[in-house]
Amino acid sequence: MQSAVYPGSFDPITNGHLDIIQRASRVFDNVVVGVLHNPNKKPYFDIEERVEIIRKVVEPYGNVEVTSFEGLLVDFMRTKPDHVLVKGLRAFSDFEYEFQMAMMNRKLDESIETLFMMTGNRYSFVSSTLVKEIFLLDGNIEELVPPLVYESLKNKKERSLI
Ligand code: PNS
């Protein structure tokens with residue numbers, strides 16, 4: 001049995017993230033989506049909202065679970081013994097930072113193996129940051145995120161306007 005952890009901020013989860021989750025769920029017996037709760041940052045969706053949204057979005061995949069974590073990723077990985085760390089690569093530009101993080105995580109804990117999966121071509125330009133920016137400036141992001149995320153973004157925006 002081989003399991004994986006796929007960590008991220010997921011603020012919000014995009015179709016690019018979902019593409020990696022789907023690919024990982026085919027390769028691994030079990031995939032844990034680890035949602036980072038960083039108390040020093042003010043996310044658009046709070047941690048409970050992000051976990052709830054992702055749980056609903058990954059419902060079709062029977063072998064994917066979603067949980068939040070705080071602090072160092074290596075400490076979270078220690079709570080998941082024998083799990084491989086999966087990261088997504090969109091483009092060459094992601095590589096340098098991801099390489100640095102993989103090496104640093106290995107330095108912090110030699111037992112952690114990082115595996116990279118390539119995002120599908122059509123998602124290679126999608127990021128949570130750009131999705132939020134475009135959405136808040138009234139651009140169309142409908143094809144870039146799962147329908148539930150689009151609805152959640154619209155609801156949040158409407159509530160903030162009241
Ligand atoms: O979706 P993101 O924000 O690109 O994900 C980055 C994430 C959460 C994987 C990374 O920031 C992380 O691992 N944060 C936890 C804190 C930590 O371990 N930092 C040292 C990384 S070498």
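How does Lys154 count at 27% relative accessibility: buried, partly exposed or exposed? Lys154 counts as partly exposed, and the close-ups below, all taken from a predicted model, show that residue along with several others.

**View 1. One face of helix α5.** Along α5 (residues 128-136), look for the buried residues Ser128, Val131, Lys132 and Phe135. Seen down the helix axis, they fall within an arc of 95°, so they line one face of α5. These buried residues pack against α1 (15-27) and α6 (147-161).

**View 2. Asp11 meets Lys132.** This salt bridge brings N and O atoms to 3.1 Å from each other. It links distant parts of the chain, with Asp11 in the loop between β1 (3-8) and α1, and Lys132 in α5, 121 residues apart. Both Asp11 and Lys132 are buried.

View 3. Asp138 has a positive phi of about 70°. Its side chain forms a salt bridge with Lys157 (2.7 Å, N to O). Asp138 is exposed, at 64% relative accessibility, whereas Lys157 is buried, at 17%.

View 4. A side-chain N or O atom of Ser9 is 2.6 Å from a ligand oxygen, and a backbone N or O atom of Leu73 is 2.8 Å from an oxygen atom of the ligand. The protein covers 70% of the 550 Å² of accessible area that the ligand has on its own.

How values were computed: Residues numbered from 1 in each chain as written. Predicted model: local features only at pLDDT ≥ 70, side-chain atom pairs only at ≥ 80, totals over all residues. Heavy atoms only, no water. Buried < 20%, exposed > 50% of the residue type's maximum accessible area, 1.4 Å probe, protein only. Helix = DSSP H or I, 4+ residues; strand = E, 2+ residues; numbered from the N terminus. Arc of directions from axis to C-beta. Contact = heavy atoms within 4.5 Å. Polar contact = N/O pair within 3.5 Å; in protein donor to acceptor, adjacent residues only side chain to side chain. Areas by Shrake-Rupley, 256 points an atom, 1.4 Å probe, with all protein chains shown as cover. Salt bridge = Lys/Arg side-chain N within 4 Å of Asp/Glu carboxyl O.
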